[in-house]
Amino acid sequence: SIASTRSTLSSALHHERKSAVNKFEALLRGTFVARRCLSSAPSTAATPVDDGTNKPQTQHSSHFETLGIQPSFTINQDDLKSTYKTLMNELHPDRHMGKTGVEMEALHDSASAVTRAFEELSKPHLRAMHLLDISGLPLDENDSGELVGNEFLMTIMMVRENVEDANSDEELQQLLKENDDRMQQCCVKLDVAFEAGDYATAKKLSAQLQYWSRVEETIKENVGSVH
C-alpha cells in the first residue's frame, strides 16, 4: 500500500541520516585523538564536594566533547580558536565533495555544533554555566538573586546607577574597566572553585559573573550614545 511504502521510505531515510551522523562523529573523534592541543594532560578537576547541596552526577553531552578538549573553566583562548578553525576547516563542504545529501546535512549539523561550542566556551559566564550543566548541577537563573545575596544586588544597583548617570564615553570606559576587573577577579575564584570541586561556591560565583556580564553589556550599549 501507499502508506506502507511511505513508512518504509521514511524508515530508510532515518536510518541513512543516523548512519551519516555516526560517520561524521567518528570523523571528529579521529580528529580529536590525533590533535588534542588543549587536553594533552589529564583533567585536574576534583570530584564535587558533597556538602548536601549537590545533586547526583549525571552524564551530559558537552561542548568540551564536541571540541575534543578537557572540561575546565580556564581555557587558553588562542588554543581554543586554533582548534575551532582546524575543525571547521576539516568540516568544510569543499573537503567532502561527492557526499550524499543526507551526509552533507549531517556535516552541516556537526559544523553548527562546533560553532555553538566555540561561542559558548569563549565566554567565561557561559562556560561556567555549561560546566555546571554537565556536572548535573545547573544554575537556575530564577534563583540567582537568592544565591548572590542582597548586599551583592545592592552593589549591582549602584553600579547600574553610575552607568545611567555617566556624562561621557570616558566615564563609561572607566566603568567598563572597573567592571572588567571585577569579572577577572570572579573568574580567578571560579577556577579555584571548579578545580576543588566546590560546586556550591562555583554556583554562587557563576551567578555573580552573570550579573557582571549583563553590566558589561549595558555599558557597551551606552558607549557612543552619551550626549
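This is a predicted model: local features need pLDDT of at least 70, side-chain atom pairs count only at pLDDT 80 or more; totals for chains, interfaces and linings use all residues.
User: Which residue does lysine 177 form a salt bridge with?
Analyst: For a salt bridge, a Lys or Arg side-chain nitrogen has to sit within 4 Å of a carboxyl oxygen of Asp or Glu. The closest N and O atoms of this pair are 3.4 Å apart. Both residues belong to helix 8 (residues 169-196) and are four residues apart, so about one helical turn separates them. The partner is itself partly exposed, at 33% relative accessibility, and its name is aspartate 181.

User: How many salt bridges does the structure hold?
Analyst: One joins lysine 177 and aspartate 181. Another brings together the side chains of glutamate 216 and lysine 220, at 3.8 Å from N to O. Glutamate 216 and lysine 220 are four residues apart in helix 9 (residues 199-222), which means about one helical turn lies between them. The count for the structure is two.

User: What share of the contacts joins residues at least 24 apart?
Analyst: Here we take contacts between residues at least 6 apart in sequence. A contact needs heavy atoms within 4.5 Å. The share joining residues at least 24 apart is 79%.

Conventions
Residues are numbered from 1 along each chain as its sequence is written. Side-chain values use heavy atoms; hydrogens and water are left out. Helices (H or I, at least four residues) and strands (E, at least two) are DSSP runs, numbered from the N terminus. Buried means under 20% relative accessible area, exposed over 50%, partly exposed in between (1.4 Å probe, protein chains only).
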